[in-house]
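Welcome, and get your viewer ready for a short walk through this protein. Each stop tells you what to select and what you will find there.

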Amino acid sequence: MPTKFIRIADLCERLSKITEKNAKITLVSNFIKELEPDEIDVSVRLIIGKVFPDWSDYTLDLSWITVIKIIKKITKAKNQEILEAFSKTGDPGEMARILIEKKGIVKQATLLSDYSNELSVIDVYRALERIAKIKGEGSRERKIKILENLLRLAKPIEAKYIIKVILGEMRHGFNEGLMEEAIAKASRIPVNVIRRANMLLGDIGEVARIALINGYEYIKNVKMKLFHPIKPMLAQQAESVTEALKEHGGKSAFEFKLDGARVQVHKQGDKVMIFSRRLTNVTESLPDIVELIKRELKAEEAIVEGEVIAVGENNKPLPFQFLMRRFKRVKDINRIIREIPVELYLFDCLYLNGNLLIDLPYIDRWKNLTEIHGKIKLVPRLITSNPDEAQEFFKLARKQGHEGLMAKKLDSEYTPGTRGKKWLKIKETLSALDLVIIAADWGYGRRKDWLSDYYLAARDKETGEFYIVGKTFKGLTDEEFKEMTKRLLELKIGERGRTIFVKPEIVVEVVFDEIQKSPKYKSGFALRFARITKIRYDKSPDEADTIDRIKELYIKQFETKARK
Ligand code: AMP
């Protein structure tokens, strides 16, 4: 018997009412155990609201406004009713549930149903897949038609979750990390094996299917696939080169920390693909780098990692913002290549001619890299146990216009997707946080047409939910305000008065004077004099700083004061 979609809707509803992590995991684990083999991957993706892997080219591309229009059409609700339903919850999915429950769905005699009597999990997933595959002229209309037909068949609670999946706003506190645990529990396979498989395949649905159907031996040996990006290894922050050396047992490899965009380059023969740190395919934005790799990389098959930076006169690094223009306008790429020249600096090799290298020590991976890099630059590096030498190297990096240093532990393996102490970043400004904008207020006076006051939120490590830790209207240029307003409106999921609520998607780097305890915010903390220093287009919200990190900095600030 095919599983009905309503069971996923009910499950998500229950998840949103439970706060205890293990109870959530048990619930999902029991659910996925009962699924038919061909329902596992799609259900797992639907539950966490991630319909396609990050690297896939599919996008649903349906905004909040479009969804509201469809609901209005199929329920014939009046504007006032929509407003009322919406202001009760601030959630478009819940709004749809309320309206469909109240008004019912207007019947349409000519509706040709592609679906079974009651929507199954597969029906819903296939419809979303069809929406996502539509590209080109008239695509919006065709996407809308499919969604409209789907919603016409949905029960109120189903409509709620179809919309939540489409807008990527599940709000049930069950993220990919918890899903890995649920898969581990359901398949009785250790969670670290599941995590590793997910890092290599980058598709939680496929991981669940293999774990539950094929079992331990199979999932333990999954191979990474060329042209499917691996999640990047991340770094924690260190206060100084001395701290890094201490953490690494007295000796580290110090590399320049370049302020650009991280790239993972996959090559097989003449085929080259480049992925961003967020695992999106950015090959089209970097044709010059593709050529460079084809020409210079001395390997039949390889995955190498590096940083692309924009350069100005005399190869001086330009601020990150210049580089981002490269990734925004693919249309006129030839002109942009001329306007914004870039340089690639490699720093790691993850795969070479059939062999996955991630379990090799850093030092051996670097050796492999030196054997294949040809004329492609390697990131400047110094291996030392001498703190003075390391400090000089830090100064040199700063003098040449770079962010600082990365300290890498010589014997460390490459751990995809984890932010550990094997890699430590050392920057000039310590108290910078990466936070996510979850709401914004319309400005006043000169700024009245811009969303210019931003609610900044930090991540809860366990649940992936975001909690506000401050608000700021400082730091952006007029150009950036304009662009930010446009992006925020695309991400809008609700509004109340002068405030609009957005899907947590945009990450910004924020500096501040102090962290205070706050009874006002649920997070318990508030940043004093916060201001935005950078829009982090390259970072995804699940890389934002956590409430725990803020707590840590809060405590540290007293220690620093006590020392003074
Ligand atoms: P952050 O963005 O501050 O968390 O720092 C991590 C980022 O620094 C990585 O994702 C890379 O994009 C960038 N980076 C710059 N230079 C290096 C390097 N030598 N090794 C690793 N990452 C680097």
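Start at the ligand: of the 17 residues around it, Glu255, Arg277, Glu307, Lys408 and Lys425 come nearest, where a residue counts as near if one of its heavy atoms lies within 4 Å of the molecule. Before you go further, note that this is a predicted model, in which local features need pLDDT of at least 70, side-chain atom pairs count only at pLDDT 80 or more, and totals for chains, interfaces and linings use all residues. Residues are numbered from 1 along each chain as its sequence is written, and side-chain values use heavy atoms, with hydrogens and water left out.

Stay with the ligand and show side chains. Select Glu255: one of its polar side-chain atoms lies 2.8 Å from a ligand nitrogen. Next, pick Arg262, which has a side-chain N or O atom 3.1 Å from an oxygen atom of the ligand. Lys427 also places a polar side-chain atom 3.0 Å from a ligand oxygen.

Now zoom out and colour by domain: domain 1 covers 50-167, domain 2 covers 243-427 and domain 3 covers 432-563, with bounds that come from an automatic or database domain assignment. The centres of domain 2 and domain 3, taken over C-alpha atoms, are 28 Å apart.

Where do domain 2 and domain 3 touch? Select the 12 residues of domain 2 that are in contact with 13 residues of domain 3, contact meaning heavy atoms within 4.5 Å. Together the two domains bury about 1100 Å², 37% of it on carbon and sulfur atoms; buried area is the accessible area (1.4 Å probe) that two parts lose on being put together, summed over both. Highlight Arg277, Arg278 and Phe320, which supply 50% of the area that domain 2 buries against domain 3.

Which charged pair is worth a click here? Arg278 forms a salt bridge with Glu505, their closest N and O atoms being 2.8 Å apart. Four salt bridges are counted between domain 2 and domain 3, each a side-chain nitrogen of Lys or Arg within 4 Å of a carboxyl oxygen of Asp or Glu. On the domain 2 side, helix H16 (320-328) and strand S11 (419-427) each give two or more residues; helices (H or I, at least four residues) and strands (E, at least two) are DSSP runs, numbered from the N terminus.

For a last stop, select Lys21 and Glu181, a salt bridge with its closest N and O atoms 3.8 Å apart. Lys21 sits in helix H2 (residues 21-33) and Glu181 in helix H10 (residues 176-187), so this pair ties together parts that are 160 residues apart in sequence.

Methods:
Polar contact = N/O pair within 3.5 Å; in protein donor to acceptor, adjacent residues only side chain to side chain.
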